[in-house]
Amino acid sequence: MRTLLITGPGGSGRTTIAAATAQRAAAAGTRTLLLGADHTDTLGAALGTGTGPAPTEAAENLTVWRPDAADRFRQDLTAFQSRATNVLDLLGAARLDAEEVTPLPGAQELSFLRALRDAALSERYDLLVVDLPPLPQALPLLALPEELRRYLRRLLPPERQAARALRPVLGRLAGVPMPAEWLYETAARWDMELAAVEAVLTDRRTSVRLVAEPGPAGADAVRTAGLGLALRGLRTETVVANRVLPDTMPDSWLAGLLAQQRKTLAEWQTEHDVHPVPHLGRDPHGADDLDALAVPGVNPAPAPVEWPVTDALATDGVLVWHIPLPGAVRDDLDLIRRGDELVVTAGPFRRIVPLPSALRRCTVAGAGLRESELRVRFAPDPGLWPAAGR
């Protein structure tokens with residue numbers, strides 16, 4: 001399934017653009033699922049039909065689903081308690097009834113990611129359009145599966161060395177045998193579920209559509225978002241410039257706003273595939289208004305993001321890792337090598353990425369930012385490199 005993630009600054013009209021995008025794809029005969037993350041029915045307001053926790057047929061070939069994170073959390077906790085019956089009995093813990101459970105911080109995000117995974121794995125649809133939260137919430141959300149998997153592997157390594165070392169100590173402290181096997185089985189199940197979500201986000205057919213109003217605030221948001229998405233290996237497919245004013249305005253006091261929009265559009269067009277969407281003079285509501293927005297169609301085969309390693313051993317004696325970071329500023333970049341991982345900081349964003357196998361036998365020989373691309377040079381370690389050819 002092709003997955004299109006849509007986000008933008010708060011108030012940019014991202015939900016309306018998500019609804020219009022899904023409606024256009026469905027009208028072209030594509031079996032489309034529109035997935036929403038908002039608590040309130042903003043999707044229904046745009047589509048002109050109510051949506052809720054059960055998938056709803058909004059039009060031919062168009063299904064809308066706004067999952068209930070609180071209900072999903074209650075189901076997950078109930079299932080968890082059932083699996084942990086023996087452990088809870090050993091500890092003398094009282095179980096929680098479903099009706100007394102309220103979602104914990106972070107539960108909504110995890111529930112939505114699981115819904116995204118379930119939707120992407122469905123065979124009923126050809127296209128998944130995801131109305132993500134606003135950018136300040138969307139970027140951490142997209143990073144969550146990879147980061148949680150890394151924490152699990154560090155805290156509960158698969159080789160179970162930690163369990164063998166800690167089980168006697170924890171057993172004495174708790175006064176009961178500690179169920180190390182159960183702990184690792186649970187961690188393995190979480191890792192598998194998170195891996196499935198991560199696979200959807202990193203799939204070559206997944207891309208992002210950014211929605212913003214042209215202007216200084218929108219320009220800053222697009223620049224920052226593009227950098228954060230690139231660091232996660234996600235491609236910005238299109239920048240939708242929303243609520244663009246017509247070239248001729250009867251009110252002279254809007255001339256300054258119009259000039260501001262034109263300036264931002266010209267800047268965006270040098271760096272992105274930009275599609276202006278007109279201001280209708282009202283909040284879009286219903287199929288006719290969404291059609292009038294004339295949003296761009298979905299690219300069926302987006303160009304994947306590549307982080308290639310090039311061989312410059314013959315000329316410079318190094319291998320070069322190319323990491324595209326559009327919008328990055330040299331002074332805001334930082335790199336730290338930690339074992340077989342590279343910690344990359346770009347502006348307000350940080351990601352810990354595993355090194356490609358060939359680079360693990362090398363030492364970092366320098367790095368530079370050229371043409372919106374971070375190029376990290378690696379020199380073969382003489383003590384390790386010969387082993388690769390044996």
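Me: What should I keep in mind about the numbering and the model?
Reply: Residues are numbered from 1 along each chain as its sequence is written, and side-chain values use heavy atoms, with hydrogens and water left out. The model is predicted: local features need pLDDT of at least 70, side-chain atom pairs count only at pLDDT 80 or more, and totals for chains, interfaces and linings use all residues.

Me: How many helices and strands are in the protein chain?
Reply: There are twelve helices and 15 strands. Both are DSSP runs, numbered from the N terminus: helices are H or I with at least four residues, strands are E with at least two.

Me: How much of the protein chain counts as buried?
Reply: Of its 390 residues, 43% do. Buried means under 20% relative accessible area, exposed over 50%, and partly exposed in between (1.4 Å probe, protein chains only).

Me: What is the accessible surface of the protein chain?
Reply: It comes to about 20000 Å². Carbon and sulfur atoms hold 55% of that. The areas come from the Shrake-Rupley method with a 1.4 Å probe; for residues, only the protein chains shown count as cover.

Me: What share of the contacts joins residues 24 or more positions apart?
Reply: Among contacts with a separation of 6 or more, the share is 69%. Contact means heavy atoms within 4.5 Å.

Me: Why is one side of E3 and of E8 left without a neighbour in the sheet?
Reply: Start with the order. Eight strands form an open sheet, E3-E4-E2-E5-E1-E6-E7-E8, with mixed pairing. Strand E3 (56-59) and strand E8 (274-278) stand at its edges with a single partner strand each, so one side of each has no neighbour in the sheet. Neighbouring strands here are turned by 25 degrees against each other on average, direction ignored.

Me: What makes E2 and E5 a pair?
Reply: Two strands pair if DSSP finds at least two bridges between them. Strand E2 (residues 32-36) and strand E5 (residues 127-131) are joined by five bridges and run parallel. Leucine 34 stands opposite valine 129 in E5.

Me: Which helices lie across strands of this sheet?
Reply: H5 lies across strand E1 (2-7), E2, strand E4 (62-65) and E5, at about 165 degrees to E5. Helix H10 (residues 255-269) lies across strand E6 (206-212), strand E7 (236-244) and E8, at about 170 degrees to E7. Axes are lines fitted to C-alpha atoms, for helices over the stretch in contact, and angles run from 0 to 180 degrees between N-to-C directions.

Me: Why is H5 called roughly perpendicular to H6?
Reply: Helix H5 (residues 107-121) and helix H6 (residues 135-155) pack at an angle of about 90 degrees, with axes 10 Å apart. That makes H5 roughly perpendicular to H6. The classes are: under 35 degrees roughly parallel, over 145 roughly antiparallel, 65 to 115 roughly perpendicular, the rest oblique.

Me: Which residues meet between H5 and H6?
Reply: Glu109, Leu110, Phe112 and Leu113 in H5 meet Leu141, Leu144, Pro145 and Leu148 in H6. By class, this contact has seven nonpolar, no polar and one charged residues. Nonpolar covers Ala, Val, Leu, Ile, Met, Phe, Trp, Tyr, Cys and Pro; charged covers Asp, Glu, Lys and Arg; the others, Gly among them, are polar.

Me: Why is H6 called roughly parallel to H9?
Reply: The axes of H6 and helix H9 (residues 216-231) cross at roughly 5 degrees and come within 11 Å. That angle makes H6 roughly parallel to H9. Leu135, Leu139 and Leu142 in H6 meet Ala221, Ala225, Gly228 and Leu229 in H9. The contact divides into six nonpolar, one polar and no charged residues.

Me: What is the order of the open sheet of four strands?
Reply: The order is E9-E10-E15-E14, with antiparallel pairing. Strand E9 (309-312) and strand E14 (362-370) are the edge strands, each pairing on one side only. Six bridges join strand E10 (residues 318-324) to strand E15 (residues 373-380). Isoleucine 323 stands opposite leucine 374 in E15.

Me: Why does leucine 313 count as partly exposed?
Reply: Its relative accessibility is 29%, so leucine 313 counts as partly exposed. Leucine 313 is found in helix H12 (residues 313-316). Not counting residues up to four places away in sequence, leucine 313 touches Val318, Leu319, Pro380 and Trp385.

Me: Which side chains of E13 are buried?
Reply: In strand E13 (residues 349-354), Phe349, Arg351 and Val353 point to one face and are buried. Six bridges join strand E12 (residues 341-346) to E13, and the two run antiparallel.
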